[in-house]
Amino acid sequence: MTGKRSEWDSNLTFILAMIGSAIGLGNIWRFPNVLYSNGGGSFMIPYIVSLFLLGISFVLVEYAVGFKFKTSLAKILYNIHNKLEPVAWFVLTIVFLITTYYICIVGWDLIYLALSFTKAWGSNPDLFFTQSVLHSTDSIRGIFTIVPTILVSIIIIWSVVWAIIRTNLNDGIGKVSRILLPILCIIVVIFVIYSLTLPGSYIGYTQIFNPDWSALANPNVWLAAFGQIVFSLSLGMAIALTYASYLPEGSKLVDNALIVAFSNSGFEVFNSIGIFSVLGFMAMTSGIPFNELVTEGTGLAFVVFPQAFNTMQTGSILGPIFFLCILFAGITSAIALLEGICYSISEKFDFSREKSATIVSIIGLLISTIFATASGSFILGIFDAFLNNFALLFAVLLECIIFGWIYDFDELINTLNENSRIKVGKLWKTVIRFILPICIAGLWIQGIFSSISQEDSATLAIRTILLAAIIVLPIILTKLPAGNEDYYEN
Ligand code: PHE
């Protein structure tokens with residue numbers, strides 16, 4: 001039996017878990033580049049507009065739905081309409097597959113954390129990353145060559161994540177968020193303050209405050225702002241919905257949503273000051289133009305930053321701080337990504353929390369093993385582009401349609417207003433019904449156009465397998481009978 005429903009022991013635990021879920025790799029290495037390439041200081045305007053109008057609006061939908069139904073996504077959608085259950089499994093399958101590679105990146109970070117104390121990446125971090133760490137073949141040919149170090153780090157991260165999610169809500173996710181998040185904040189403050197003292201840091205951080213107003217006329221800049229908000233707040237991934245379902249009666253939903261959204265954005269803006277300062281230092285000491293140094297993702301964290309730590313006397317102190325920051329941010333996001341699917345499995349099949357967590361972690365680990373091969377980073381890139389830019393956006397669009405149009409939206413307005421000082425109304429409804437779906441569709445179409453190129457057959461094959469997985473798995477999970485007949489009762 002699944003037993004008594006879990007509930008957060010305090011509103012603070014909920015807020016910390018929510019902030020932990022939102023602050024992740026995206027905040028640390030995606031935001032600075034998005035900011036820089038979309039007008040610098042002036043980017044804050046579309047960013048803040050997207051945050052308020054679209055980001056917070058959708059978080060509120062997830063909060064209201066989770067809080068009202070107090071059950072898992074699969075059961076909620078089944079209750080809204082019994083034909084909608086596959087959509088829930090569709091969303092959860094996508095999020096689960098995203099987690100399988102997200103954990104691999106956290107694993108890479110773990111390796112770098114260990115290396116950073118002695119700057120063991122040597123004088124050519126670029127070559128070191130692709131050859132010594134990834135053993136990358138940059139094609140599908142290396143699929144049968146296991147890279148042991150990466151495999152070990154992936155196993156470690158999966159074990160940590162499993163140990164957290166199998167434990168009950170407050171002792172697992174709750175406790176870890178209460179410990180890791182404050183440490184993460186302290187580390188980031190140290191990182192930023194220290195970065196500001198580096199010679200040349202001004203070359204970097206002045207870029208953030210240097211606005212290019214003409215960028216505001218470019219619709220792509222607005223889409224980029226919206227895309228960052230979707231990614232950064234983890235919209236539509238059933239995290240906010242699941243976490244809000246564990247809230248006790250009387251919780252102030254709108255207030256909570258505002259605190260979480262501001263903390264998440266505050267974190268990424270603040271952290272980017274540190275990132276830019278290090279890049280400014282690097283530009284000054286190496287003579288490489290600043291714009292050539294700004295990259296995102298693994299290139300920034302595992303190549304440019306190690307290069308910067310090499311030229312810094314205190315690199316073996318700032319390095320571990322930086323990689324520890326990514327590690328903590330990654331773990332608190334990974335556990336959140338898995339909570340939705342574990343909860344849905346527990347509810348549907350009447351499994352204990354521990355059993356669902358174990359099944360999900362074992363399957364997840366097996367899939368992640370693909371990324372521990374010499375083709376790992378190649379396949380990871382395909383997974384990321386397909387799942388994040390294509391499948392997930394489609395899932396968010398479906399959620400907007402279901403909650404905005406199929407479900408009685410006024411019910412959600414009542415749920416939120418009953419419990420909050422700040423009230424929502426017609427504008428919110430218009431955003432969810434019209435503005436948000438249009439923006440998501442825009443982002444989606446833009447993504448499809450920018451990714452159309454001559455693809456090799458391996459890429460097409462992997463995409464086809466992923467597409468089949470996100471269609472077939474939801475159908476199977478829907479068709480499988482529930483562990484308890486009560487499941488089908490409203
Ligand atoms: N928002 C988190 C991050 O920025 C979690 C996330 C994971 C979002 C995977 C999208 C995809 O990393």
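How do the residues of the shell around the ligand divide into nonpolar, polar and charged? In this predicted model, seven are nonpolar, eight are polar and none is charged. The shell holds 15 residues, and those that come nearest to the ligand are Ala22, Tyr102, Phe231, Ser232 and Ser234.

A polar backbone atom of Ala22 is 2.9 Å from a nitrogen atom of the ligand, and a backbone N or O atom of Ser232 lies 3.0 Å from a ligand nitrogen. Asn27 takes part through its side chain, where an N or O atom is 3.3 Å from an oxygen atom of the ligand. On its own the ligand has 320 Å² of accessible area, and the protein covers 99% of this. Helices H1 (11-22), H2 (25-37), H5, H10 (219-232) and H15 (315-349) each give two or more residues to the shell, with the largest share, three residues, coming from H2.

Aromatic rings make up the next part of the picture. Across the whole structure, 43 aromatic pairs are found. One of them joins Trp108 and Phe302 edge-to-face, with 6.2 Å between centres and 75° between planes. Trp108 belongs to helix H5 (residues 85-116) and Phe302 to helix H14 (residues 297-311), so this pair ties together parts 194 residues apart in sequence. Trp108 is buried at 2% relative accessible area, and Phe302 is buried too, at 0%. Both are members of one aromatic cluster, which also includes Trp29, Tyr112 and Trp121.

Charged groups meet rings as well. The charged end of Arg30 sits over the ring of Phe231, 4.9 Å from its centre, while Arg433 lies over the face of Trp405, 4.2 Å from the ring centre.

Notes
Residues are numbered from 1 along each chain as its sequence is written. This is a predicted model: local features need pLDDT of at least 70, side-chain atom pairs count only at pLDDT 80 or more; totals for chains, interfaces and linings use all residues. Side-chain values use heavy atoms; hydrogens and water are left out. Rings of Phe, Tyr and Trp (its six-membered ring) pair if their centres lie within 6.5 Å; planes under 30 degrees apart count as stacked, over 60 as edge-to-face and the rest as tilted. Helices (H or I, at least four residues) and strands (E, at least two) are DSSP runs, numbered from the N terminus. Buried means under 20% relative accessible area, exposed over 50%, partly exposed in between (1.4 Å probe, protein chains only). A charge sits over a ring if NZ of Lys or CZ of Arg is within 6 Å of the ring centre and within 35 degrees of the ring normal. A residue is near a molecule or strand if one of its heavy atoms lies within 4 Å of it. A polar contact is a pair of N or O atoms within 3.5 Å; within protein, one must be able to donate a hydrogen and the other to accept it, and residues adjacent in sequence count only if both atoms are side-chain atoms. Accessible areas come from the Shrake-Rupley method with a 1.4 Å probe; for residues, only the protein chains shown count as cover. Ala, Val, Leu, Ile, Met, Phe, Trp, Tyr, Cys and Pro count as nonpolar, Asp, Glu, Lys and Arg as charged, and the others, Gly among them, as polar.
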